[in-house]
Amino acid sequence: MTAIKHALQRDIFTPNDERLLSIVNVCKAGKKKRNCFLCATVTTERPVQVNVVKVKKSDKGDFYKRQTAWALRDLAVVDAKDAVKENPEFDLHFDKVYKWVASSTVEKNTFISCIWKLNQRYLRKKIDFINVSSQLLEESVPSGENQSVAGGDEEAVDEYQELNAREEQDIEIMMEGCEYAISNAEAFAEKLSRELQVLDGANIQSIMASEKQVNILMKLLDEALKEVDQIELKLSSYEEMLQSVKEQMDQISESNHLIHLSNTNNVKLLTEIEFLVNHMDLAKGHIKALQEGDLTSSRGIEACTNAADALLQCMNVALHPGHDMLHAVKQQQQRFSDLREQFARRLASHLNSVFVQQGHDQSSTLAQHSVELTLPNHHPFHRDLLRYAKLMEWLKNTDYGKYEGLTKNYMDYLSRLYEREIKDFFEVAKIKMTGTTREGKKFATLPRKESAVKQETESLHGSSGKLTGSTSSLNKLSVQSSGNRRSQSSSLLDMGNMSASDLDVADRTKFDKIFEQVLSELEPLCLAEQDFISKFFKLQQHQSISGTTTNEAEEMDGGTLSRSYTSGIPQTVSSEKDMIRQMMTKIFRCIEPELNNLIALGDKIDSFNSLYMLVKMSHHVWTAQNVDPASFLSTTLGNVLVTVKRNFDKCISNQMKQMDEVKISKKSKVGILPFVAEFEEFAALAESIFKNAERRGDLDKAYIKLIRAVFVSVEKVANESQKTPRDVVMMENFHHIFATLSRLKISCLEAEKKEAKQKYTDHLQSYVIYSLGQPLEKLNHFFEGVEARVAQGIREEEVSYQLAFNKQELRKVIKEYPGKEVKKGLDNLYKKVDKHLCEEENLLQVVWHSMQDEFIRQYKHFEGLIARCYPGSGITMEFTIQDILDYCSSIAQSH
């Protein structure tokens, strides 16, 4: 580095009248490493200019060239990146920020130190040095290369002194007296040397002349010394005289110290006494309030609260070391403990009485709410109890055992009260749900009396319900015509079961409203109680955290979903948050089983009710999670949602199973299959229920499963059908499916809609070709022979020379198919098609029009062969295309 520095000084800076003080080898940060040098320089001319110069090696040779120069006065900030750890990176803030990486940390530190010294010496504006070690910024401790360079500069500057005006004038006079001074410097120097010797001699003579004055000065000094000796003798005598005074002053000082120490101790003792009196003295009013205060009135509660706080402050005062050994302090502490115990016992007894009284008062209002689907309001009770919230906090801090006992008693009393209220509430809901059974119109197998309803719903606890509604009749239905299906549907009513297509929409709407009202009543009840518990018992509620969302739950099975709702709370929750959850679980322990019973009843009334319940329950779970994902309400509704989802999945599975078990009738035509109509009803109902629902993903998955099962079952029935052709079964049912999906516009079933349309089109074409066959059979055989000869290589215009295919034979075949015969054959074909097709789908005219088009295609094919193989013969069919159109139209109108 020294060699490079000398080379740079010689080649670059000396020609520019600059001196190089410090150098650092750097490259730009974050880019391809192309090394260059940053140099700190000063000019040799006055005033001194300080620069930072960037020098890089030339691409064409080994010499260096000056690339960029910045004035040091433009430097705003020097950022060394790290003041502690070794880091070669640093930034220089000129007009913009230049980021550099030095080849070594030592070079970087030396360069920054030099910049700092130059800034201190030459610049008025101070540069900001950040992330730089304080050792580098100590001007008095230069180091390394910078010391030699910068220090040398300072010495050179100190040695150089400008001549003043008088010195310049003397030099000019001297040089004027020696005109040859400039031309002959040696002669001038010799003359100056001779004059200097003359001056030295004059100085020596002057000194020798002053010897007499020196002797006089020495005598004066001797006399001064004698005077000093006399003064010292007097000072010694004075010191002996003051020695006795010093001893007396020492005794007085010691006495003052003892007096000061005594006063200090007295002040400290007074301070300690005042501290104990001020902090451990309870007012008589507070003592009376604690012993006899009225806990029923607002004023008395406030007085007791203030007294309890004052007592707690006295008991929790931080005593100084040794205070607890004082007998008076021990007595006062014992008195405070007795007051605390007495008041805690009195407070706990009063609150227990309030809890018991609340249970009795609230029971009297149950009869009023039993006839309506509403839950009693506990707000007045909560409002009255919240007056004791501060006292409960005091009890929690001073006597946790009694606080815990009050908590347990509150849970015991309130759980029994809520259990009565909630069971009566759900009983009313069940009665309202099953009220339609008394008319004997629907679900005749359901009980008629309220007691029987209660007994049945209790037996449903823990079960998911039995499907007796929309899909239970499928396994008893056989493939039949629409007329036969109607007759069998009416017979099913006598059996107590009914088709889903005959369900009264009003009943389902009524169930939906009742279920929504049940959830709407439970939510504010639970939230209000949880809020009261947290405020009254001074417990921290859960903060809103990101738990498992409803959409995420769609991807889980039942077990995983249940775990997600119960494990949404962080594992490191505090004991107070756990206590809120435990109290809510104990108080409302009957909500989850009652909801499960209600869900089982709704599922037994109609399995399609699971759709309503899934939507409503999902919405309420989503709402509860937004409020507090770890609350008791959110967890409970999440667990119940798992049951609802299982019922929904079971409903879908039962429908698929019953499709697979369907049996067909061998004596009647098939028509639209029952499960195809059932899917239409299910889809229409589901679309109306799941509009803008959170659980749309569950329905889309159910759609996919059901539609694939419908496709498979239609294929199976079509293969097993004996009365109705396979193509007819496929054509009619897939046409019905396509029409249903087109009308409902279910986005997730677009692929199935296209597939249904394709199957309908393919089987329509297949049926038309198979049923139409060859209506002009002999003519068709004749032209098949003509086409065979042409295929063998005979030219089309030469076919008429073949004996079996001459013009005479063609005329004989054509005469066998007059217009009347053709019309008769078409009429028989129409009757055959009418016998195959069902009236419900109304595809007869579509099929007939397709057959008409196919017949006309065959006719045009025959005409083309006659024109090519028998040109100029004048042979034509005995009927025209217009005749075919007239025949088909008249046949369709006559039927």
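1. A residue is termed buried under 20% relative accessible area, exposed over 50% and partly exposed in between, with a 1.4 Å probe and protein chains only. Cys 39 has 0% relative accessibility and therefore counts as buried. Cys 27, at 6% relative accessibility, also counts as buried.

2. The model is predicted: local features need pLDDT of at least 70 and side-chain atom pairs pLDDT 80 or more, while totals for chains, interfaces and linings use all residues. Residues are numbered from 1 along each chain as its sequence is written, and side-chain values use heavy atoms, with hydrogens and water left out.

3. A disulfide is taken as a pair of cysteine sulfur atoms within 2.5 Å. The count by this rule is zero. For Cys 27, the closest cysteine sulfur belongs to Cys 36 and lies 7.8 Å away, too far for a bond. Cys 39 is likewise in no disulfide, the nearest cysteine sulfur being that of Cys 36 at 9.3 Å.

4. Helices (H or I, at least four residues) and strands (E, at least two) are DSSP runs numbered from the N terminus, and two strands pair if DSSP finds at least two bridges between them. Eight strands form an open sheet in the order 4-3-2-1-7-6-5-8, with mixed pairing. Strand 4 (64-71) and strand 8 (128-130) are the edges; each has a single partner strand, so one side of each is without a neighbour in the sheet. On average, neighbouring strands are turned by 30° against each other, direction ignored.

5. Within this sheet, strand 2 (residues 36-43) pairs with strand 3 (residues 50-57) in the antiparallel sense over six bridges. The bridge partner of Cys 39 in strand 3 is Val 53.

6. Axes are lines fitted to C-alpha atoms, for helices over the stretch in contact, and angles run from 0 to 180 degrees between N-to-C directions; contact means heavy atoms within 4.5 Å. Helix 1 (residues 2-13) lies across strands 1, 2, 3 and 4, running at about 115° to strand 1 (18-28). Helix 2 (residues 105-122) lies across several strands, including strands 1, 5 and 8, and runs at about 140° to strand 1.

7. Helix 12 (residues 389-398) packs on helix 13 (residues 400-433) at an angle of about 130°, with the axes 6 Å apart. The two are therefore oblique to each other, where under 35 degrees is roughly parallel, over 145 roughly antiparallel, 65 to 115 roughly perpendicular and the rest oblique. Helix 12 contributes Met 392, Leu 395, Lys 396 and Thr 398 to the contact, and helix 13 contributes Tyr 400, Lys 402, Tyr 403 and Leu 406.
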